[in-house]
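Open the model in your viewer and keep the sequence panel beside it. The stops below are given in the order to select them.

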Amino acid sequence: MAVLPVNQPHFIRSNQKDAYYLGSLRSCASDVFQIFAGARRWLEWRKEVELLVELAYFSLTTFAGFQTLGEEYVNIIQVDSSGRRVPSRGRRAALIVLHTCVPYLLDRGLVRLELNLQTASEGFRPQDTRWLPARSSVSQRLQSAVSRLSDQQRKALLQAIYLLRQVVSFLHRLHLGIFYLNGSYYHIAKRFTSISYKFLAGPHSPQLPLYTVFGRTKALDSDTMRPPLLLGVHHGMVQHKGRMSSLPGDVPAPTTNLLAALRLG
């Protein structure tokens, strides 16, 4: 079995397949949570449930030294910056934290700060109080700090939060545009941890068509993704909507036996 560089279609197909299985796991977890805790509690803790599902999925696959179901589907394995070794356990743990926990904590922190600023500025307590637990020492210190700010400072912070959200969104689109140019890292977390992929070319490996962009030949399935002509163009497949084009062969059915994936090494 030959070990070859990975092209954009393999990244996209792998991410698409992982998003499909994660969506199924989130749906199952949400159903179970609603049965035991009710719909109201699920609405309050939906993001936390989704985070736990992602942590469980990547812990049972990436952290444990296995391929994810998407990586197995397109026959790719993770390698470190040398391109010859499997990433260390610490590097894989850092990848999982950056890919799942950091976006969640950033969003939660911004929402918490924004609600505190709005509460202090407009003089009312928001109905969405799950981000502002009254007995939390962190929340109390944050509320105390916000209450000492002037109205002008609060408005400036609210504008800064909005600007930060726009910057994060732009950086994500910029990273995606760079991916289409060199095809190295599909996720920002993998760029920070220098984790790339190698393709295990076997006799039954799917062959994807080629296209030419900017004078360079790239591999991409035209039904799955259109190459952006500008770096900032965002495509809709980053957030999987459940629509997938077909590869040669049958798509495997979802399975809960995540440890049945091929071990790296």
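Is Leu171 buried, partly exposed or exposed? Select Leu171: because its relative accessibility is 44%, Leu171 counts as partly exposed (buried is under 20% relative accessible area, exposed over 50%, partly exposed in between, with a 1.4 Å probe and protein chains only). This is a predicted model, in which local features need pLDDT of at least 70 and side-chain atom pairs count only at pLDDT 80 or more, while totals for chains, interfaces and linings use all residues. Residues are numbered from 1 along each chain as its sequence is written, and side-chain values use heavy atoms, without hydrogens and water.

Leu171 lies in helix 6 (helices are DSSP runs of H or I, at least four residues; strands are E, at least two; both are numbered from the N terminus).

Next, select Phe11 and show its contacts (heavy atoms within 4.5 Å). Leaving aside neighbours within four places in sequence, Phe11 is in contact with Val6, Phe179, Gly183, Ser184, Tyr186 and Tyr197.

Now go to helix 2, residues 39-63. Helix 2 bends by about 70 degrees at Trp45; the bend is the angle between axes fitted to the seven residues ending there and the seven starting there. Colour its buried residues, among them Trp42, Glu48, Tyr57 and Phe58. Helix 2 is followed by Gly65, whose phi is positive, near 90 degrees.

Finish at Tyr57 with Tyr21, Leu22 and Leu69: these belong to a separate core of seven residues (a nonpolar core is a set of buried Ala, Val, Leu, Ile, Met, Phe, Trp, Tyr and Cys residues joined through side-chain atoms within 4.5 Å).
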